[in-house]
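The notes below are meant to be read beside the model, point by point.

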Amino acid sequence: MHRPIDEPRFGDEGSGAGHGPVSVPPPYRPHPAPGDTPGPWTGVPAPPAGPWADSQGTPDPGRVDPRVLGALLARHGWRRRGGAAGRYSRWTPPGSGTGTSLLVPESRAFPDCEDLLGEALTALAHSATPSAREVLTGLAVPSDEIRWWRDVPPGPAGIVPWTVQEQLRSAARQLLLAGALAVRGRAGYYGARHRRPAQASLETVVVGAAPGGRGLTAFLPVAPGRPIAVRLYHALHAAREATDYQRATGGMEAFDTAVEAGVSRELTEALVALVRGTEGARVALEWAPSAGAPEGCAARPEPVEFSPGDLPALREASARYLTDEPSVPVRLTGAVVRMRRSGPRGEGTVRLRVLGGAEVPHVRVSLDEEAYRTAGHAHLVGLPIRVVGRLESRGGFRRLTDASGVVPVQVDETERDRLMKSLQENLDFFEEACGPDEG
């Protein structure tokens, strides 16, 4: 386990985005510092504080279901070694079995249930066993777990090199983002569409790395993360089946139908990143014991495995999704944030901050001279414009073509004041675009 580190936001390009010099962390961190709060993609999945946990993240024994604790211990490799039948069981850490054992009551009907649970939770909080933190995380916030594992050569002392660990983290981020995008609608290629709300839906995800650096576990809180886990469950199995079909027949038809299950260019690219440079990789999902398995999903899903031999099929599917996704007709409203043209007259290009009508943050629009002048006047008085056109898939749905019907849109005073303030803060952009060199 490692100390929390700064990680790039979901969607940042490149595995090293946002990183500066990195120091080598200690092998584990048994005691969280007071006030520590877990963020997404931290090295240690510290249990979040809240109504179910104290200030250091240890769950409240009065709210813990002993059966859920036992299920989590078994999931994370702890071994049940007897106990008083019908009253309590004894659990020892995974591996050699050395270390503090835990007494876990069979149910809350046991007279000393809360005392035993309190002692067990305290022992977990102070344990140096890596899985102890994961058990506490699953208790503090009921979470579905997604595990990634890559078969890669070890580095010195059996530890996977830092750059290879970063490749795993980057692929995991891409896969979760693909699942979050699929929750918002089915598409072979999303580009910039839905990206902002999809990234926001992953802010509560907590991640812990397995010892050695070959594995990674993401904890998705059941609320609101369950839809993402369910979508990934269906999408991963559909991608596996489509890949098998392509390798057996050479046909890509199965990837076309797999879109309905959540498979997309974003997901196939994530799988390529996960498998590339390895001898194989697998992804496993496990449902929160307190919530049970969702409808339509196996109670104990088998891991989905991919190998280097799958890469040609996945790459071909990715390219197919990119070229086959059609442009989208839209009628959007946006605030002009930049204007540019080559001379004092003629057509020009404007950049709009989208306020409504399309699930993208910004678009570029080519306008004729009259429409360009209308956009400039609206920009000067702090009004957005409405425009009809087609969002082109080329470039990630960031360009509007065949634009027509450009008109200013009246807004309430509060929104207009906000737009005017934005104009004043970005006056340099407007002056640059409308200077003598650009019109």
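Helices (H or I, at least four residues) and strands (E, at least two) are DSSP runs, numbered from the N terminus. This is a predicted model, in which local features need pLDDT of at least 70 and side-chain atom pairs count only at pLDDT 80 or more, while totals for chains, interfaces and linings use all residues. Residues are numbered from 1 along each chain as its sequence is written, and side-chain values use heavy atoms, with hydrogens and water left out.

1. Most peptide bonds are trans, and most residues other than glycine have a negative phi.

2. His194, in the loop between α4 (162–183) and α5 (195–200), has a positive phi near 65°; with a relative accessibility of 17%, His194 counts as buried (buried means under 20% relative accessible area, exposed over 50%, and partly exposed in between, with a 1.4 Å probe and protein chains only). Phe397 sits in the loop between β12 (385–392) and β13 (399–408), and its phi is also positive, at about 60°. Because its relative accessibility is 0%, Phe397 counts as buried.

3. Helix α1 (residues 66–75) has Pro66, Val68, Leu69, Gly70, Leu72 and Leu73 as buried residues. The elements that cover them include β2 (88–92), β3 (102–105), α2 (113–125), α3 and β4 (143–150), where contact means heavy atoms within 4.5 Å. At the N-terminal end, α1 is capped by Asp65, a side-chain oxygen of which lies 2.9 Å from the backbone nitrogen of Arg67. After α1 comes Gly77, whose phi is positive, near 90°.

4. Which side chain makes a polar contact with the side chain of His76? The partner is Glu134, at 3.0 Å (a polar contact is a pair of N or O atoms within 3.5 Å; within protein, one must be able to donate a hydrogen and the other to accept it, and residues adjacent in sequence count only if both atoms are side-chain atoms). Glu134 is placed in helix α3 (residues 130–140) and, at 11% relative accessibility, counts as buried.

5. α2 and α3 pack at an angle of about 130°, with their axes 8 Å apart (axes are lines fitted to C-alpha atoms, for helices over the stretch in contact, and angles run from 0 to 180 degrees between N-to-C directions). The two helices α2 and α3 are therefore oblique to each other; angles under 35 degrees count as roughly parallel, over 145 as roughly antiparallel, 65 to 115 as roughly perpendicular and the rest as oblique. Leu121, Leu124 and Ala125 of α2 make the contact with Ala132, Arg133, Val135, Leu136 and Leu139 of α3.

6. Helix α8 (residues 265–275) packs against helix α9 (residues 311–324) at an angle of about 150°, with the axes 9 Å apart, and α8 and α9 are therefore roughly antiparallel. On the α8 side the contact is made by Arg265, Thr268, Glu269, Leu271, Val272 and Val275, and on the α9 side by Leu311, Leu314, Arg315, Ala317, Ser318, Ala319, Tyr321 and Leu322.
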